[in-house]
Amino acid sequence: MIVPDAVSVNAEFQDRNSGVPLDLLWLRSLQANPPAIERRVLSLINRRTIQKSCEAEWLAKIVSCIDLTTLSGDDTSSRVRQLCSKAQEPIRDDILNALGLPKLSVAAICVYHELIVTAIASLTQTQIPVAVVSTGFPAGLSPLPLRVEEIKHSIEAGAEEIDVVISRRLVLEGKWTQLFEEVQQFREASKDKILKVILATGELATLKNVGRASLVSMMAGTDFIKTSTGKETTNATLPVSLVMVRAIRDYFDRTGFRVGFKAAGGISTSRDALNYLILVKEELGPTWLKPNLFRFGASSLLADVERQLEYNAISHCNINGN
């Protein structure tokens, strides 16, 4: 049984990763054993369960770690305003009160560049940051100088967090120095804003490539590594995530820098999200179960979490005779 640890969901970003020189020997030493990775994942989801009495707290933790996202071609200002309204009150007060939970908000709102100003205007009375996808999202195939300038424009528009995509071909061709330099330029352009590097793991061919791309991105100074854009055929999976969080653990053990993990794409149910929380807790520990080090990139997940919390609230009232 797993019970939640007493950790603040509003902790400030600490131990920020400043990056280290590219270490190709370290990179080449990284291996990935797919059968062993699959066994570990099955062990986690089959042998670890959330204690029923603590389920509501774990569901609340999911909410606090969501980057509530809309990245559709038909996005409008009206849709973003509605999303921002939901971000400020993601779970109804009557549900929270019934379960004895505090007021919640999501970790961030994530939008395209054109809708940054709308999102900021809708969140002026909150501390919810606006994240923006950048660098030729989702394919990342525009010229590098244009991708770097895109970051700068988004920061000028008020974005507090920047989600960038890497050039997948650099991974597939083993051009690690070029990938390192690319992410370094993204880091420099992002200045003091939180940088999340999207690996698009479904397009990297092997788990070994996923691990090595994770390490290179961290060496170059990213604050988070993120699984997917949500636009690939295969998005976040538990095996891929295990490889990424173990790279994060290895990096922390060697450098002392904590790097965050963001699971994005295809995570739409509470059960799926709880599996990711279990994975991170077991592999990285409770320090990582806070929005400064763990995020979900999601759009439909919140609705399912709210349904599950409502069910918990009804059950709680029935148990107590109300």
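Student: Which residues are exposed on the other side of H2?
Tutor: Arg39, Asn46 and Arg47 are exposed there. Keep in mind that this is a predicted model.

Student: And which residues of H2 are buried?
Tutor: Those are Ile37, Val41, Ser43 and Leu44. Seen down the helix axis, the buried residues fall within an arc of 155 degrees, so they line one face of H2.

Student: What do they pack against?
Tutor: Three helices: H10 (207-219), H11 (238-255) and H12 (270-284).

Student: How far apart are the end C-alpha atoms of H2?
Tutor: They are 20 Å apart. H2 covers residues 34-47, and at 1.5 Å a residue its 14 residues should span 20 Å, so the two values agree.

Student: OK, switching to strands. What do the eight strands close into?
Tutor: A barrel, with parallel pairing, in the order E1-E2-E3-E4-E5-E6-E7-E8. On average, neighbouring strands are turned by 25 degrees against each other, direction ignored.

Student: Which strands pair with E8?
Tutor: E1 (residues 66-69) runs parallel to E8 and is joined to it by three bridges; there, Leu68 has Ala298 as its bridge partner. E7 (residues 260-264) also pairs with E8 in the parallel sense, over four bridges, and Ala263 stands opposite Phe296.

Student: Is E8 buried or exposed?
Tutor: Five of the five residues of E8 (residues 294-298) are buried, so the strand is largely enclosed by the rest of the structure.

Student: Which way do the E8 residues point?
Tutor: Phe294, Phe296 and Ala298 point one way, while Arg295 and Gly297 point the other way. In a regular strand, side chains alternate between the two faces of the sheet.

Terms used:
Residues are numbered from 1 along each chain as its sequence is written. This is a predicted model: local features need pLDDT of at least 70, side-chain atom pairs count only at pLDDT 80 or more; totals for chains, interfaces and linings use all residues. Side-chain values use heavy atoms; hydrogens and water are left out. Two strands pair if DSSP finds at least two bridges between them. Helices (H or I, at least four residues) and strands (E, at least two) are DSSP runs, numbered from the N terminus. Axes are lines fitted to C-alpha atoms, for helices over the stretch in contact, and angles run from 0 to 180 degrees between N-to-C directions. The expected span of a helix is 1.5 Å times one less than its number of residues. Buried means under 20% relative accessible area, exposed over 50%, partly exposed in between (1.4 Å probe, protein chains only). The arc is that of the directions from the helix axis to the C-beta atoms. Contact means heavy atoms within 4.5 Å.
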